[in-house]
Amino acid sequence: MRELIYKDEEFILLIKDLLENNLVQEMKNYRQHYNTSCFDHCLEASYYSYLICKKFKLDYASAARASMLHDLFLYDWRKRQDGRKGLHAFTHPRTALENSLKHFNLNKKEQDIILKHMWPVTIVPPKYLEGLILTFVDKYCALRESAQYYHKRISTKPIYRYAYVFLCMLFIRM
Ligand SMILES: [Fe+2]
Ligand SMILES: [Fe+2]
């Protein structure tokens, strides 16, 4: 998938300045879902948002840029850290927005897309269709990353492979 994304010149051009930023690059150091880094997760979410918004003639540039920054929180959310208040799921959209605003000029739509991307976990829905698209894309990417992790585990460890085959056989007999 990553090779495909980097080959899409129009898309890369839209987020080039973000990709070259040190803070955005730092997302490579933090895991998001299982073995996927925040950077890869955001890049994939950004690309899907871009494709969908382009297809429906929406503001794909804002969608791509905001999606690339939507998880720019820059900490290991699995670890409890000093000074971090509240649950990660509820607080990280605002942290990502604050970090983004320190380095980039974001329009109102981009700000809203980042801030509301956890809807419906966070109560207020996105104001723009592009934001709503990211809420679905984000969840799809999270599921895909989880599935890839488990698929890899099943295919590389014989014990999981045998357990999988055994469960399938049980299922067929039922
Ligand atoms: Fe997020
Ligand atoms: Fe995300």
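Reader: Which hand does the crossing of α5 and α7 have?

Author: The crossing is right-handed. This is a predicted model, and the crossing is computed from its atoms.

Reader: What are the angle and the axis distance for these two helices?

Author: Helix α5 covers residues 60-69 and helix α7 covers residues 108-115. They pack at an angle of about 40°. Their axes are 9 Å apart.

Reader: Which residues make the contact between α5 and α7?

Author: From α5 come S62, A63, R65, A66, S67 and L69. They meet K109, E110, I113 and I114 of α7. By class, this contact of α5 with α7 has five nonpolar, two polar and three charged residues.

Reader: What other helix packs on α7, and how?

Author: α6 packs with α7 at an angle of about 145°. Here the axes are 8 Å apart. P93, R94, A96, L97 and S100 belong to the α6 side of the contact. Q111, I114 and L115 belong to the α7 side. This contact of α6 with α7 holds five nonpolar, two polar and one charged residues.

Reader: What makes α7 count as largely enclosed?

Author: Six of its eight residues are buried, so the rest of the structure largely encloses α7. The buried ones are K109, E110, D112, I113, I114 and L115.

Reader: How do you know whether V24 is buried or exposed?

Author: Count its neighbours. V24 has 24 other C-beta atoms within 10 Å. Buried takes 20 or more. V24 is therefore buried. V24 lies in helix α3, residues 22-26. Beyond residues up to four places away in sequence, V24 touches L18, L19 and L72. V24 and D40 are 16 residues apart in sequence, and their C-alpha atoms are 11 Å apart in space.

Reader: Why does L19 count as partly exposed?

Author: L19 has 14 C-beta neighbours inside 10 Å. Exposed means 12 or fewer, and buried means 20 or more. The count of 14 falls in between, so L19 is partly exposed. L19 is found in helix α2, residues 9-19.

Reader: Which residues touch the most other members of the largest nonpolar core?

Author: They are C42, Y50, A63, A64, M68, L69 and I114, out of 32 core residues. Two or more residues come from each of α2, α4 (38-55), α5, α6 (88-103), α7 and α8 (129-156). α4 gives the most, with nine residues. In soluble globular proteins, nonpolar side chains tend to be buried together.

Reader: What does M68 contact, apart from neighbours within four places in sequence?

Author: M68 is in contact with I15, L18, C42, L43 and S46.

Reader: How many helices and strands does the chain have?

Author: There are nine helices and zero strands. The C-alpha atoms fill a box of roughly 55 × 40 × 30 Å along the principal axes.

Reader: How much of the chain counts as buried?

Author: Of its 174 residues, 32% do. As for contacts between residues at least 6 apart in sequence, 57% join residues at least 24 apart.

Methods
Residues numbered from 1 in each chain as written. Chains lettered and ligands numbered in written order. Predicted model: local features only at pLDDT ≥ 70, side-chain atom pairs only at ≥ 80, totals over all residues. Axes fitted to C-alpha atoms, helices over the stretch in contact; angles between N-to-C directions. Helix = DSSP H or I, 4+ residues; strand = E, 2+ residues; numbered from the N terminus. Left-handed = near helix turned anticlockwise from the far one by under 90°. Contact = placed C-beta atoms within 7 Å. Nonpolar A, V, L, I, M, F, W, Y, C, P; charged D, E, K, R; others polar. Core = buried A, V, L, I, M, F, W, Y, C linked by C-beta atoms within 7 Å.
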